[in-house]
Amino acid sequence: MKRYIVLPAIVGILLAIFLSRPASALDMTDPDNNPIVHNCASIKQSLRSLQRTDARVRSYLGSSYERILGSFITPLNLRLVSANQPNTNLTTLHSEIVDTRKNFISEYTSYAQSLDDLLASDCYGHPEDFYNKLVETRRRRDVLSTTTTNLRNLIAEHLTAVRKLKNTLGAKDVAE
Amino acid sequence: MSPNRTNHNLLVLGILSVSIAIITTVVSLVVYHNSGDIYLDRSRPGFLPDEDEVQKLPETNYTFPSSGAITEEALNEYIEHFQEVVDYIDDLESPFSSAPLSDESLGI
């Protein structure tokens with residue numbers, strides 16, 4: 001009777017261990033069963049396509065940030081100063097956006113270099129080295145993604161601050 | 001000066017000019033690559049978007065005037081034009097998300 005309980009339990013535990021293996025735990029020692037070696041050509045194709053898409057997205061985002069700073073935020077702050085109504089919150093947000101945009105440029109460059117290195121590495125001959133480079137590229141992409149989100153949040157904060165300023169002016173007009 | 005010597009000098013001048021051109025081109029390409037400018041170059045060959053892939057910024061030459069009084073109307077106009085650029089950014093689907101580099105996406 002005990003055998004009927006213990007055997008399925010062992011099988012269950014073994015199955016659970018096998019199924020819970022992390023996806024990244026690849027067997028690099030056996031080239032015949034290594035998915036990196038097997039799918040090398042298609043992996044490179046996907047990465048090339050991603051590289052092209054990323055370059056386009058960076059260009060679109062870069063132009064937008066440039067326009068936001070050059071055509072909106074900088075002239076607004078100048079106008080506030082020349083009208084003797086400097087707004088500390090808007091000035092602080094301005095410098096934060098400038099700094100984060102600088103980070104965006106350097107982080108994109110770092111990520112693109114990493115992706116270039118990854119594309120140049122040999123996934124047939126050195127899958128382990130290729131995978132390590134992939135992990136590093138992912139890390140740099142995550143950093144870039146966080147900065148993009150931060151910039152978007154700062155832009156939203158700026159817009160909220162301008163709305164608040166507008167409402168203050170509206171309230172003043174009503175009071176007068 | 002003999003014609004032979006003139007020909008020789010001309011040949012040396014040609015070789016020298018070509019060598020200098022090659023060296024300066026190689027140096028500038030190395031600087032272009034190592035500085036990272038290659039990744040920021042919007043006209044990089046092979047990376048230009050196809051016609052159907054172009055996602056143009058809202059076509060406006062609007063720039064908020066940097067002088068004048070700060071009025072409610074001026075800020076309304078500011079917000080309206082600003083929002084157009086923000087909408088454009090939001091139309092870009094989750095830029096640089098981790099999904100395309102995942103093991104599943106790459107078939108690893």
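Read along the sequence, chain B goes α-α-α-α, that is, four helices and zero strands. Helices here are DSSP runs of H or I with at least four residues, strands are E runs of at least two, and both are numbered from the N terminus. What you are looking at is a predicted model, where local features need pLDDT of at least 70, side-chain atom pairs count only at pLDDT 80 or more, and totals for chains, interfaces and linings use all residues. Residues are numbered from 1 along each chain as its sequence is written, and chains are lettered from A and ligands numbered from 1 in the order in which they are written.

Staying with chain B, the domain assignment gives domain 1 (1-48) and domain 2 (51-108); such bounds come from an automatic or database assignment. Taken over C-alpha atoms, the centres of domain 1 and domain 2 of chain B are 40 Å apart. Of the 108 residues of chain B, 8% count as buried. Buried means 20 or more other C-beta atoms within 10 Å of the residue's own, exposed means 12 or fewer, and partly exposed is in between, with C-beta atoms placed from the backbone.

Now helix H3 of chain B, residues 72-91. H3(B) has 20 residues and reaches 28 Å from first C-alpha to last, close to the 28 Å expected at 1.5 Å a residue; the expected span is 1.5 Å times one less than the number of residues. Its buried residues are B:Leu75, B:Tyr78, B:Phe82 and B:Val85. Seen down the axis of H3(B), these fall within an arc of 95°, so they line one face of the helix. The arc is taken over directions from the helix axis to the C-beta atoms. On the face turned away from that buried side are exposed residues, among them B:Glu73, B:Glu80 and B:Gln83.

Next, chain A. Chain A has five helices and zero strands, and 22% of its 176 residues count as buried. In H4(A), the buried residues include A:Leu93, A:Phe104, A:Glu107 and A:Tyr108. The 33 residues of H4(A) should span 48 Å at 1.5 Å a residue, and its end C-alpha atoms are 48 Å apart, which agrees. A:Asn34 sits in the loop between H1 and H2 of chain A, and counts as buried because it has 20 C-beta neighbours inside 10 Å. The C-alpha atoms of A:Asn34 and A:Thr168 are separated by 64 Å.

How do the chains meet? Chain A puts 55 residues in contact with 42 residues of chain B, contact being C-beta atoms, placed from the backbone, within 7 Å. H3(A) gives the most to chain A's side, with 24 residues. By class, that side has 27 nonpolar, 16 polar and 12 charged residues. Ala, Val, Leu, Ile, Met, Phe, Trp, Tyr, Cys and Pro count as nonpolar, Asp, Glu, Lys and Arg as charged, and the others, Gly among them, as polar.

Last, the core. A nonpolar core is a set of buried Ala, Val, Leu, Ile, Met, Phe, Trp, Tyr and Cys residues joined through C-beta atoms within 7 Å. In the largest one, with 36 residues, A:Ile36, A:Ile68, A:Phe72, A:Tyr108 and B:Tyr78 touch the most other members. Two or more residues each come from H3, H4 and H5 of chain A and from H3 of chain B. The largest share, nine residues, is from H3(A). Not counting residues up to four places away in sequence, A:Ile68 touches A:Ile73, A:Ile155 and B:Val85.

Methods
Two residues are in contact if their C-beta atoms, placed from the backbone, lie within 7 Å.
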